[in-house]
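Hi everyone, thanks for coming. I'd like to walk you through one model today, so please have a look at it first.

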Amino acid sequence: MTSAGAPVYRVEIADLKAHLLRVHLTIPAPAAEQEGSLPVLIPGSYMVREFSGHLQKLQARQGRKRLQPEQLDKCSWRLPCRAGQALELSYEVYANDPSVRMAQLNHERCFFNATSVCLRVHGQDRAALILEVPPPAEHPRWTLATGLEPLKVDRRGFGRYRATDYDELADCPVCFGELWSGQFQAGGVMHRFVVTGAPPTFDGQRLLEDTRKICEAQIRFWHGKGKPPMTRYVFMLHAVSDGYGGLEHRNSTALICGRKDLPGTDASKVTEGYATLRGLISHEYFHTWNVKRLRPAAFARYDYTRENYTELLWFFEGFTSYYDDLMLRRCALLDNAGYLKLLGKTINQVLQTPGRQVQSVAQASFDAWVKYYRHNENTPNATVSYYSKGALVALCLDLTLRSMHPDLHLDRILRELWQRCRGGPMSQDDLLEQLQASSGRSFETDINHWVHSTEELPLEPLLRAHGVAVLKEPDQLAQRLGLRVEEGQGLKIKTVLHGGAAHAAGLSPGDEWLAVEQAGGPGWRLRRLDDLLLYAPATGKVQALVSRDEQLLRLPLKIPAPGHTWRLAVQEPSLLERWLAGTPS
Ligand SMILES: [Zn+2]
């Protein structure tokens, strides 16, 4: 494919102190009345957003003639131009968002997703595009990283890149700044890791070495000794005072973590924060196969103007969540006990979510745009996480297959599904057909129960059959009362879980829980939830004094006996090993 005649986006710093980028867009062969728009979503993040709110000073000219853009809606414009003569646009984008989803320009870095910065040229978004990033003169030490294919770049990575279409441009974020940069080979592919915001104690070699193990284990998982589907891969990690998240792309990922979560030169043991970061790296990398290539048919081509619906996030996010920790175990970054601890946490998360009895995980997937991604105080009552419950569906499927025959397991099904769908769009029917073909029996009833109903999953018998002891331990006070709280300046009610004691008492999100009284006894001020254990009987009736919109309310609360949370422990190591150690493809 040639890129002659392709639209060129030149993205440069307009005013670093004002966090402004300037974009010059040249369209060599526009249509008459050419239209363009900014997306309302970034693939992988299931929420409609208003990126165009940060676009300003849009100007256009054709030859010497200035054109007046006509705005059509919140994110689309029409240019009163003639066909065939080069059209030049320029505009500014305010870039001051530290997340992985938008764009940020400041003293230490520039990071952007094309969905925030590059207007989609209607009618030309399925052909090649050029992105040009000139070297910023005031920052001679800055270098650039992206998954895009370089066309003509300097030693520091500035210059011209090519995308085969707008989808690829949107899927290849760009990061430049004073980057910490390291690289390694895995599966014959060069992997680059760049970090911004790292403290001086950051141990980059350790991060590289651990990441290499994760990548090698996953490439082996999907392809054995074969080659992975990308020719280069870039990890872009931004370390901040407090933050966590990641977004997957076809040959890169953007990550954010707390500085204290990075491995340090003086630490001999793995902190919880660093263990979580390794899990995030494993998760986003697994998406290289599961969601970026194997993907819902609805995502074969994104519609950038509206929600893109799928019922399958339980598969793409859930199965990825199942394998992210399992992959850490398989490359020895977790031991069996560590793995079971994380799995137990996922199980408790689902069991403590009343919304699992309201929505199936397929409905939760479809509704992600208005429920899970639009998190509010009622989310745990209204829906279930397709990450956590989806991971448990994967667990049930894996352990059921393993119970049938030693050569049957989810690893094999995923590899066969990859072959069946040629690493491309897939449907639930593809999964069901593959399960039938590989195992000789239908899984339709199982998937209907686990995915399309709100019935409980058969976790306990499956875990026991694979060498895991399921222990039930008394739950924490907040869970016992059916509450999520915020402590600090007083005791604030964040969420009241349906069916719990707090719900029965009439506590409400936003209430400040001031004090507790017992019949005939004095009242006691509460500053933290656990203070309740000091001033009230372990079970029985009390009065909760709350402030709601400046009104004082006395609510009768019955403190129930403790319920249970799950703890998983190793019961039969040899059985467990057979499951967790994995199977070469
Ligand atoms: Zn994910």
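Let me begin with a question: which strands each supply at least two residues of the lining of the second largest cavity? They are β2 (20-27), β3 (35-37) and β11 (120-121). β3 gives the most, with 3 residues.

A word on the source before I go on. This is a predicted model, in which local features need pLDDT of at least 70 and side-chain atom pairs count only at pLDDT 80 or more, while totals for chains, interfaces and linings use all residues. Residues are numbered from 1 along each chain as its sequence is written, and side-chain values use heavy atoms, with hydrogens and water left out.

Helices (H or I, at least four residues) and strands (E, at least two) are DSSP runs, numbered from the N terminus. On a 1 Å grid over the protein atoms alone, a cavity is a set of points where a 1.4 Å probe fits but cannot get out. A pocket is an open set with protein on both sides within 12 Å along at least five of seven lines, and lining residues have an atom within 4 Å of a point. Grid points are joined across faces, edges and corners, and a volume is the space filled by probe spheres set on the points.

Back to that second largest cavity. About 60 Å³ of space lies in it, and Glu 35, Gly 36, Leu 79, Leu 89 and Leu 119 are the nearest to its centre among 13 lining residues. By class, 8 are nonpolar, 3 polar and 2 charged; here Ala, Val, Leu, Ile, Met, Phe, Trp, Tyr, Cys and Pro count as nonpolar, Asp, Glu, Lys and Arg as charged, and the others, Gly among them, as polar.

The structure holds 2 cavities of 30 Å³ or more. The largest has about 70 Å³ of space and is lined by 14 residues, with Arg 109, Phe 111, Met 236, His 238 and Leu 255 nearest its centre. Two or more lining residues come from each of β10 (109-112), β18 (189-196), β19 (232-240) and β21 (252-258). That lining divides into 10 nonpolar, 3 polar and 1 charged.

Now the second largest pocket, at about 330 Å³. Asp 171, Arg 250, Lys 292, Arg 295 and Phe 299 are the closest to its centre of the 19 residues that line it. The lining has 9 charged, 8 nonpolar and 2 polar residues.

On to the metal. What coordinates the zinc ion? His 283 (NE2), His 287 (NE2) and Glu 317 (OE) do, at 2.0 to 2.1 Å. Donors are N, O and S atoms within 2.8 Å of the metal (3.2 Å for Na, K and Ca); water is not among the atoms, so sites may look incomplete. The spacing in sequence is H-x3-H-x29-E. Both His 283 and His 287 are buried, where buried means under 20% relative accessible area, exposed over 50% and partly exposed in between (1.4 Å probe, protein chains only).

Finally, some backbone. Most residues other than glycine have a negative phi. Lys 57, in strand β4 (residues 55-62), has a phi near 55 degrees, and this lysine is exposed at 58% relative accessible area. Arg 422 has a phi near 50 degrees; this arginine sits in the loop between α10 (410-420) and β23 (425-426) and is exposed, at 75%.
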